[in-house]
Amino acid sequence: MTCEIVYWPGFTGRAEPAILLLEDVGAPYTIDNDVQGRIASLADRLPVFACPLLIDGDLVLSQTSVITQYLAQRHGIDVAAEDQTAAAQFGYNLADIWRETYEGRKDGVEHYLTERFPRWLDVMEHSFQDGKRWYFTDDAPSWLDYLALNIVTLATYCWGEPAVAQMQGRARLWEWSDAMQARPRIKAYFDNSASLPVAYPEVQAPA
Ligand SMILES: N[C@@H](CCC(=O)N[C@@H](CS)C(=O)NCC(=O)O)C(=O)O
């Protein structure tokens, strides 16, 4: 069944992890930009507050991390049972990183890049398990990898070259990022000029 993502028009934002996962596994999806209408029609009976939403048949989900983990489970790429707690911790960290990276840029918090972003990048670097190619697994990306790639695209878009230089300085993170972006369907998605940017021009780093 084709699942549906509800998100704002013109950019992918917090919907990007779900989009990347669905692109990578080759699953069909649609995107509806009527955020206010859809939330208004659902919020009187379901615990939904903000987009992204994922609608899969009768199931309606909110919260980026939950949506991405659900899609990973549905497509057989969840982390192993013994890694669930560490994966959840990383997922919560990634949600914090997303909010700070975006809101820091939106609110003009220039010291975010020098003070907090490097510490968050160390968290990402230290979240790799020894010898693993992807976060928490050696076989294939799991839901954390798509959430983490969304941080790379967001930081690059919002903070530009200084953020990229910092990410390049974390060897495991950067090697992983290259490997993620070299995956054929991920590469095709990013190479496709019809794919939307991760954010909107007002928060884009100056050229
Ligand atoms: N923790 C939520 C945050 C959701 C969120 O802040 N969504 C933004 C778009 S990225 C939004 O539409 N906010 C509108 C609002 O909070 O009223 C998640 O990760 O899904």
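**Core and strands at a glance**

The largest nonpolar core holds 55 residues, and those touching the most other members are Ala18, Leu21, Leu54, Leu144, Ala148, Ile151 and Leu154. Helix α6 (143-159) is the top contributor to this core, giving 13 residues. Please keep in mind that this is a predicted model.

**Who builds the core**

- At least two core residues come from each of β1, α1 (16-25), β3, α3 (64-74), α4 (84-106), α5 (112-126), α6 and α8 (171-182).
- Both domain 1 (3-74) and domain 2 (81-192) take part, each supplying at least three residues to this core.

**A look around Ala18**

- Leaving aside residues up to four places away in sequence, Ala18 is in contact with Ile5, Pro52, Leu54, Ile67, Thr68 and Leu71.
- One of those contacts, Leu54, is listed with Ala18 among the core residues that touch the most other members.

**How the strands pair**

- Strand β1 (residues 3-6) runs antiparallel to strand β3 (residues 53-56), with 3 bridges between them.
- Within that pairing, Glu4 has Ile55 of β3 as its bridge partner.
- Strand β3 also pairs with strand β4 (residues 59-62), again in the antiparallel sense, through 4 bridges.
- Leu61 in β4 stands opposite Leu54, the residue that also touches Ala18.

**The turn between β3 and β4**

- Strands β3 and β4 form a hairpin with 2 residues between the strands.
- Gly57 in this hairpin adopts a positive phi near 65 degrees.

Conventions. Residues numbered from 1 in each chain as written. Predicted model: local features only at pLDDT ≥ 70, side-chain atom pairs only at ≥ 80, totals over all residues. Pairing = 2+ DSSP bridges. Core = buried A, V, L, I, M, F, W, Y, C linked by C-beta atoms within 7 Å. Buried ≥ 20, exposed ≤ 12 C-beta atoms within 10 Å, placed from the backbone. Domains from an automatic or database assignment. Contact = placed C-beta atoms within 7 Å.
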